[in-house]
Protein chains: 2
Amino acid sequence: MSIEIKNLSKNYKSVQALDDVSIRFEENKIYGLLGRNGAGKTTLLNIITNRIFADRGEVFIDDIPSKENDQALQKVYLMSEKNFYPDKMKIKDIFRWTGEFYGKFDMESAMNMAEKFELSTNKVVKGLSTGYTSIFKVIIALSVNTPYVLLDEPVLGLDANHRDLFYKLLIEKYSEKPSTIIVSTHLIEEVSNVIENVVVIKKGKIIKDETREELLTAGYTISGSASLVDQYILGKSVIGLDVLGGLKSAYILGELEKDKLPEGLEVSRMDLQKLFIQMTNA
Amino acid sequence: MSIEIKNLSKNYKSVQALDDVSIRFEENKIYGLLGRNGAGKTTLLNIITNRIFADRGEVFIDDIPSKENDQALQKVYLMSEKNFYPDKMKIKDIFRWTGEFYGKFDMESAMNMAEKFELSTNKVVKGLSTGYTSIFKVIIALSVNTPYVLLDEPVLGLDANHRDLFYKLLIEKYSEKPSTIIVSTHLIEEVSNVIENVVVIKKGKIIKDETREELLTAGYTISGSASLVDQYILGKSVIGLDVLGGLKSAYILGELEKDKLPEGLEVSRMDLQKLFIQMTNA
């Protein structure tokens, strides 16, 4: 059971949005799909769900080609930035309507989540702020119970409290009823606590497909006084530096030699967002 | 020299957006203005810059009442989410136009930043993505050289790389030519490295006005195996918990007693975003 993508390519006029992409999203895993603006994340998610068509290549959902195949597509729910719901429809009616299309939609769970987010389900789509527009779609995604759930920028417009609540509900849902979840987001350090696998896309190509653990153990962070840090990093592979008052942090690729660590320097884990920036800059 | 706010109140129909707010933003400091969606941040920034009017109270800019006083208002630049620029105007013309209004606008610096962000200044406002719409306004804010710069959601739509670049340019600019900068944002943990002072607004009231250092030293974070953490936190003031695989983190208010720290637990600094969520939930 998986979403399998084979040799997908897609051009928009002169821009190559996807360039021979092949990747497998396995059963019951949480993926972070990370990329810069314009890297091809949304194009990939839209092709998987048949909203747009590839120029070349194929998508298989549980071994069935997804192209215009309703049986395969019913296994996938895509929460996207774009709004396909009628402006004047009430949220509770959208829930109901989703339940008719996706047979396993859990209305009780959806209404509970709405309460937690303080979303009034009597409101119409048009009456919602950017944050609540994300929230009602996130609730559907977490209640729809398809084997594959794709989330494109789920926390757009959410304040820190609501983002925190979303991550908690996502993990709760996943623990109770595992599914394959693909989260595309720019808030990489935040989502780092949630995802197990990291897929990095750059200019239409997959440049990384590893577990978060593999990526984060590829290096470490060191902090201390600027002079100590500057001395320590000589000859090491430094992918980033931060200075904050007197404190300097360096993000270093490679293995830590603990016995060679000078007094006064603190070690912490690699920062996924810093690593991402380094991988995708320029 | 300061922005001084005295007893500001503002109602929208039945909603009290600001409730007797008094606060002073001092010379050459960087403030984080933090609050949930709807807490009153944007209302406060808009009243300071005279875009909307308070029901009661006053704003003084360098001791001069700001209300309909161009001399005072020329000292303040507000970068806001709302777009007041003509759709068909080219970015480079907006730069020029801003230079005519704000005499100290640094065109060379603006064009340099545009290059770093890969913003084509020949484009018109309407042709920009959400990210680049934030970027061109951020560039103006960092080049305008007013004594007071207010940034309302400056990183909206920016990917991690561009956010990183923005924070770096902000700090660079501030080091070269200090000014009072107020940043309103939902990405609290990220901005935590940039701000010196934290102002928290909740339901129209200022509930916190402290240095970041004071806030972060009010507690600490402890991580380790779930069983060790659960045992350690008994009787302590825990404001949040995160579980990630086998690792558990607890955010604790109070002073750390180092000699009572069991083997196997790691200590790190308090997380500003967790602290904020705790202060503003419910």
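The charged end of Lys236(B) lies over the ring of Tyr232(B), at 4.2 Å from the ring centre; a charge is taken to sit over a ring if NZ of Lys or CZ of Arg is within 6 Å of the ring centre and within 35 degrees of the ring normal. In chain A, the charged end of Lys236(A) sits over the ring of Tyr232(A), 4.1 Å from its centre. The model is predicted, with local features requiring pLDDT of at least 70 and side-chain atom pairs pLDDT 80 or more, whereas totals for chains, interfaces and linings use all residues. Residues are numbered from 1 along each chain as its sequence is written, chains are lettered from A in the order in which they are written, and side-chain values use heavy atoms, without hydrogens and water.

Over all chains, 14 aromatic pairs were found. Rings of Phe, Tyr and Trp (its six-membered ring) pair if their centres lie within 6.5 Å, and planes under 30 degrees apart count as stacked, over 60 as edge-to-face and the rest as tilted. The pair of Phe95(A) and Phe105(A) is tilted, because the ring centres are 6.0 Å apart and the planes stand at 45°. Phe95(A) belongs to helix H3 (residues 91-101) of chain A and Phe105(A) to the loop between H3 and helix H4 (107-116), so the pair ties together parts 10 residues apart in sequence. Helices (H or I, at least four residues) and strands (E, at least two) are DSSP runs, numbered from the N terminus. Phe95(A) and Phe105(A) are both buried, that is, under 20% relative accessible area, with exposed over 50% and partly exposed in between (1.4 Å probe, protein chains only).

In chain B, Phe25(B) and Tyr31(B) form an edge-to-face pair, with 4.9 Å from centre to centre and 90° between the planes. Both Phe25(B) and Tyr31(B) are buried. A cluster of Tyr77(A), Phe101(A) and Tyr102(A) is linked by ring pairs.

The contact between the chains (heavy atoms within 4.5 Å) takes 26 residues from chain B and 26 residues from chain A. Across the interface of chain B and chain A there are 4 salt bridges, each a side-chain nitrogen of Lys or Arg within 4 Å of a carboxyl oxygen of Asp or Glu. Asp159(B) forms a salt bridge with Arg36(A), with the closest N and O atoms 3.1 Å apart. Helix H6 (160-176), helix H7 (188-191), strand E12 (237-244) and helix H10 (272-280) of chain B each supply at least two residues of the side of chain B that touches chain A. H6(B) gives the most to this side, with 6 residues.
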